[in-house]
Amino acid sequence: MSNMNQLEAIASELIKTFEIENPPVPIEIMLQRPKPDMWDEVDITELSVGFLKTGGHFSPRMSLARLLARHIIQSDWGDKHGLHEIFQHDKGEELLRAFARMLIMPAEMVKKLSSGARTPVTMSMHFEVPEDDARQRLQELSPQ
């Protein structure tokens, strides 16, 4: 199984664990209220404005999604799910960004959208993410 497929499966399991069925994915709540044996609770009020990349309306949510991805990767839960191994071999920021997109725009939720709603603009509004990230997620999910 490729790293991307493995990350998709892990993201899907995490979304099910948090019992999230509809967008937008509550990234802030996931950070603040982890399930047992996951990561330490994160106080997002302590984050600096510089951390919450302000490149557009939904950019702070993507910053939080990347923070969540990092916490998952470094947690015991992430280790049990093979994330340490995946990211040990590929420490690239792009893989982390892809994992964050998987968490905030889960494949199952994207696939539930009508084909007409699978556009960067519509997905941006639906998942509360920047259009560029929605565009990249659509490319990741398109058949090669």
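## Terms and basis of the model

A residue is called buried when its relative accessible area is under 20%, exposed when that area is over 50%, and partly exposed in between (1.4 Å probe, protein chains only). Helices (H or I, at least four residues) and strands (E, at least two) are DSSP runs, numbered from the N terminus.

The model is predicted: local features need pLDDT of at least 70, side-chain atom pairs count only at pLDDT 80 or more, and totals for chains, interfaces and linings use all residues. Residues are numbered from 1 along each chain as its sequence is written, and side-chain values use heavy atoms, with hydrogens and water left out.

## The chain as a whole

The chain contains nine helices and zero strands. Of its 144 residues, 42% are buried. The chain exposes about 7,900 Å², and carbon and sulfur atoms supply 49% of this area; the areas come from the Shrake-Rupley method with a 1.4 Å probe, and for residues only the protein chains shown count as cover.

A contact means heavy atoms within 4.5 Å. Among contacts between residues at least 6 apart in sequence, 61% join residues at least 24 apart.

## Helix α6

Helix α6 comprises the twelve residues 93-104. The expected span of a helix is 1.5 Å times one less than its number of residues.

Nine of the twelve residues of α6 are buried, so the helix is largely enclosed by the rest of the structure. The buried residues are L95, L96, A98, F99, A100, R101, M102, L103 and I104. Their cover includes α1 (3-17), α2 (27-32), α3 (59-74), α5 (83-89), α8 (120-127) and α9 (131-141).

## Helix α8

In α8, the buried residues are P120, M123, S124 and F127. Seen down the helix axis, they fall within an arc of 105°, so they line one face of α8; the arc is that of the directions from the helix axis to the C-beta atoms. These buried residues pack against α3, α6, α7 (107-112) and α9.

After α8 comes E128, which has a positive phi, near 55°.

## Salt bridges

A salt bridge is a side-chain nitrogen of Lys or Arg within 4 Å of a carboxyl oxygen of Asp or Glu. By this rule there are ten salt bridges. One of them joins E128 to R61, with the closest N and O atoms 3.8 Å apart. E128 lies in the loop between α8 and α9 and R61 lies in helix α3, so the pair ties together parts that are 67 residues apart in sequence. E128 is partly exposed, at 28% relative accessible area, whereas R61 is buried, at 9%.

R101 is buried at 2% relative accessibility, and D133 is buried at 13%. Through shared partners, salt bridges join E8, E94, R101, D133, R137 and E140 into one network.
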